[in-house]
Amino acid sequence: MKEQIREQWDTNADAFVDLIGGEGTPHHKKILNPCVERLLGNVKDKTLLDAGCGDGYLSRYYAKKGAIVTGVDISPKLIDVARKPGSDIDYKIADICNLEDLQNNSFDLVLSNLVLLNIPCLNEAIKEFHRVLKPDGVLIFSIVHPAFNFYGPGSWQMGEKDPKTNRRQGIYFKVDHYFEEKEYQRYWKTRQGEDFPAPISFFHRTLSTYLNTLSSAGFHLIEFVEPEPMDDDLFFDRERRIPFFAVLKARKM
Ligand SMILES: C[S@@+](CC[C@H](N)C(=O)[O-])C[C@H]1O[C@@H](n2cnc3c(N)ncnc32)[C@H](O)[C@@H]1O
């Protein structure tokens, strides 16, 4: 399974890097990233683990803000892209479910942005985050909201094209089989609207599974956010009606 996931991300690496464009998609920029930044607070001189760092755009962003960043990812191709000459970010190829190269109690902050929904081993990853955090260290992770994820139990029922946005209108969002925790494979779309070269594995879990996994590992929940779009851009008409992302901030006890 680990090899299959590594291969998916390696195969999709070029398409993924192009989609992220060095700064995230509009959904990241206008909905998710401002929320994550507020929850992280002042990162200056703090040790930060970017767990599942992808092309490293968030590692670079928080390193510029003064954090001492380690970025890990399972995809050697994405780590290759992330490593830039002259950067003092420490990038490693690693599985977040087994961070054996990282020491106990070594980070002030762990950020895992849109990664835990792509791994089969949630329990192990959360335990590893707990182990590598210092006492009172903070974990922030984001996921696509599991109740409203169309790579899971849901889908928009679509109507006519809206002339203002040139997008098809969402009539309502249908959710079914929410309690069935299972793997889905889906193709992401490139900026040009073509399928990525390989499908991506998504692991649907209920919100209670995420919350109970945190508390069983010894985390105390500080804040749970379902972030709303930052402005009234017509592009986010659907995202203003139901939450696209869920973000959790928890402290190591
Ligand atoms: C949706 S991307 C998010 C990347 C980055 N955090 C961001 O916000 O742009 C998911 C990332 O998780 C990585 N990944 C998947 N399974 C992993 C694992 N077990 N250990 C480490 N990284 C993993 C993938 O290679 C990919 O870079």
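Helices (H or I, at least four residues) and strands (E, at least two) are DSSP runs, numbered from the N terminus. The model is predicted: local features need pLDDT of at least 70, side-chain atom pairs count only at pLDDT 80 or more, and totals for chains, interfaces and linings use all residues. Residues are numbered from 1 along each chain as its sequence is written, and side-chain values use heavy atoms, with hydrogens and water left out.

Most residues other than glycine have a negative phi. Asp45 has a positive phi of about 65°. Asp45 sits in the loop between H2 and strand S1 (47–51). With 55% relative accessibility, Asp45 counts as exposed. Here buried means under 20% relative accessible area, exposed over 50%, and partly exposed in between (1.4 Å probe, protein chains only). Leu114 has a positive phi near 60°. Its loop runs between strand S4 (107–113) and H5.

Helix H3 has four named buried residues: Tyr57, Leu58, Ser59 and Tyr62. These buried residues pack against H1, H2, S1, strand S2 (68–73), strand S3 (90–93) and S4. Contact means heavy atoms within 4.5 Å.

Two helix pairs were examined. Two packed helices are described by the angle between their axes and the distance between the axes. Axes are lines fitted to C-alpha atoms, for helices over the stretch in contact, and angles run from 0 to 180 degrees between N-to-C directions. H2 and H3 (residues 57–64) pack at about 45°, with their axes 13 Å apart. H2 is therefore oblique to H3. Angles under 35 degrees count as roughly parallel, over 145 as roughly antiparallel, 65 to 115 as roughly perpendicular, and the rest as oblique. The H2 and H3 crossing is right-handed. A crossing is right-handed if the near helix is turned clockwise from the far one by less than a right angle, and left-handed if anticlockwise. On the H2 side, His28, Asn33, Val36, Glu37 and Leu40 take part. They meet Tyr57, Leu58, Tyr61 and Tyr62 of H3. By class, this contact has 6 nonpolar, 2 polar and 1 charged residues. Ala, Val, Leu, Ile, Met, Phe, Trp, Tyr, Cys and Pro count as nonpolar, Asp, Glu, Lys and Arg as charged, and the others, Gly among them, as polar.

The second pair is H5 (residues 122–132) and H6. Their axes lie 9 Å apart, at an angle of about 40°. H5 and H6 are therefore oblique to each other. H5 passes H6 in a right-handed crossing. Leu122, Asn123, Ile126, Lys127 and His130 in H5 meet Thr209, Tyr210, Thr213, Leu214 and Ala217 in H6. The residues in this contact comprise 5 nonpolar, 4 polar and 1 charged.

Several loop residues were then placed in their surroundings. His204 belongs to the loop between strand S9 (200–203) and helix H6 (207–217). At 6% relative accessibility, His204 is buried. The His204 side chain reaches the backbone oxygen of Tyr178 at 2.7 Å. This is a polar contact, a pair of N or O atoms within 3.5 Å; within protein, one must be able to donate a hydrogen and the other to accept it, and residues adjacent in sequence count only if both atoms are side-chain atoms. Beyond four places in sequence, His204 contacts Pro146, Pro153, Tyr178, Glu180, Glu181, Lys182 and Tyr184.

Lys182 lies in the loop between strand S7 (167–175) and strand S8 (183–186). Its 37% relative accessibility makes Lys182 partly exposed. Besides His204, Lys182 contacts Phe202 and Phe203, leaving aside neighbours within four places in sequence. Lys182 and Gly152 are 30 residues apart in sequence, with 8.4 Å between their C-alpha atoms.

Phe236 occupies the loop between strand S10 (219–225) and strand S11 (245–252). At 0% relative accessibility, Phe236 is buried. Leaving aside neighbours within four places in sequence, Phe236 contacts Pro26, His27, Lys30, Ile31, Arg167 and Pro229. The C-alpha atoms of Phe236 and Thr165 are separated by 9.3 Å, although the two residues are 71 apart along the chain.

Thr25 lies in the loop between helix H1 (2–20) and helix H2 (26–40). Thr25 is buried, at 16% relative accessibility. Not counting residues up to four places away in sequence, Thr25 touches Leu19 and Ile20.
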